[in-house]
Amino acid sequence: MITASGGMGVGFWVVYAAFLIGLMYFIAIRPQNKEKKRMAELLASIAVGDSVLTSSGFYGVVIDMTDDTVIIEFGSNKNCRIPMQKSAIVQVEKPEV
């Protein structure tokens with residue numbers, strides 16, 4: 001219904017603003033929080049002996065770790081061991097038993 005001033009009611013704008021805020025939550029904020037939770041679980045599951053993929057695209061094996069740092073051995077050369085942050089790991093594959 002159009003008011004005497006020619007505009008829409010205040011109630012419409014409140015509902016419209018609530019709809020836009022809800023839409024932004026489901027499009028932007030919720031997926032980001034789910035991804036952050038998934039990455040935290042992934043980093044918590046890392047153990048010595050796991051095969052990992054780093055954010056730079058290198059595959060390696062975790063040979064030692066501390067709270068936020070891991071030492072990864074790359075390739076078959078036992079001398080290629082590089083310390084890096086856990087946050088640089090994007091994929092973990094557990095060894096088969």
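Tutor: Begin with A17, which is found in helix α1. Keep in mind that this is a predicted model.

Student: How far is A17 from D64?

Tutor: Their C-alpha atoms are separated by 51 Å, and the two residues are 47 apart along the chain.

Student: Okay, zoom out. How many helices and strands does the chain have?

Tutor: There is 1 helix, and there are 5 strands. In sequence order the pattern reads α-β-β-β-β-β.

Student: Why is the chain called more spread out than a compact globule?

Tutor: Because its radius of gyration is 24 Å, well over the 13 Å that the globule rule gives for 97 residues.

Student: What box do the C-alpha atoms fill?

Tutor: Roughly 80 × 25 × 20 Å, taken along the principal axes.

Student: And what share of the residues is buried?

Tutor: Buried residues are 20% of the 97 in the chain. The chain exposes about 7,500 Å², and carbon and sulfur atoms supply 64% of that area.

Student: What about contacts between residues 24 or more positions apart?

Tutor: They account for 35% of the contacts in the chain with a separation of 6 or more.

Student: Now the core. Which residues of the largest nonpolar core touch the most other members?

Tutor: That core has 13 residues, and the ones in question are I46, V52, V70, I72, M84, I89 and V92.

Student: Which elements give two or more residues to it?

Tutor: Helix α1, residues 10-44, is one of them, along with β3 (69-74) and β5 (89-93). As general background, nonpolar side chains in soluble globular proteins tend to be buried together.

Student: Take I72 from that list. What does I72 touch?

Tutor: Setting aside residues up to four places away in sequence, I72 touches V52, T54, G60, V61, C80, R81, I82, M84 and I89. Of these, V52, M84 and I89 are also among the core residues that touch the most other members.

Student: Let's follow V90, then. Which strand is V90 in?

Tutor: Strand β5. With a relative accessible area of 36%, V90 is partly exposed, whereas T54 is buried.

Student: What is V90 in contact with?

Tutor: Leaving out neighbours within four places in sequence, V90 contacts M39, L42, L53, T54 and S55.

Student: How far apart are V90 and V52?

Tutor: The C-alpha atoms are separated by 7.5 Å, and the residues are 38 apart along the chain.

Student: Which residues does A47 contact?

Tutor: V62, M65 and K94, leaving aside neighbours within four places in sequence. A47 and M65 are 18 residues apart in sequence and 7.9 Å apart in space, C-alpha to C-alpha.

Student: And K94, where does that lie?

Tutor: K94 is in the segment after β5. At 44% relative accessibility, K94 counts as partly exposed.

Student: What are the contacts of K94?

Tutor: S45, I46, A47 and D50, with neighbours within four places in sequence left aside. K94 and Y59 are 35 residues apart in sequence, and their C-alpha atoms are 13 Å apart in space.

Student: Last topic, charges. How far apart are the mean positions of the positive and negative charges?

Tutor: They are 8 Å apart, for 9 positive and 9 negative charges.

Note on methods: Residues are numbered from 1 along each chain as its sequence is written. This is a predicted model: local features need pLDDT of at least 70, side-chain atom pairs count only at pLDDT 80 or more; totals for chains, interfaces and linings use all residues. Side-chain values use heavy atoms; hydrogens and water are left out. A nonpolar core is a set of buried Ala, Val, Leu, Ile, Met, Phe, Trp, Tyr and Cys residues joined through side-chain atoms within 4.5 Å. Buried means under 20% relative accessible area, exposed over 50%, partly exposed in between (1.4 Å probe, protein chains only). Helices (H or I, at least four residues) and strands (E, at least two) are DSSP runs, numbered from the N terminus. Contact means heavy atoms within 4.5 Å. The radius of gyration is taken over C-alpha atoms; the globule rule is 2.2 Å times the number of residues to the power 0.38. Accessible areas come from the Shrake-Rupley method with a 1.4 Å probe; for residues, only the protein chains shown count as cover. Lys and Arg count as positive and Asp and Glu as negative; His and the chain ends are not counted. The place of a charge is taken as NZ of Lys, CZ of Arg, CG of Asp or CD of Glu.
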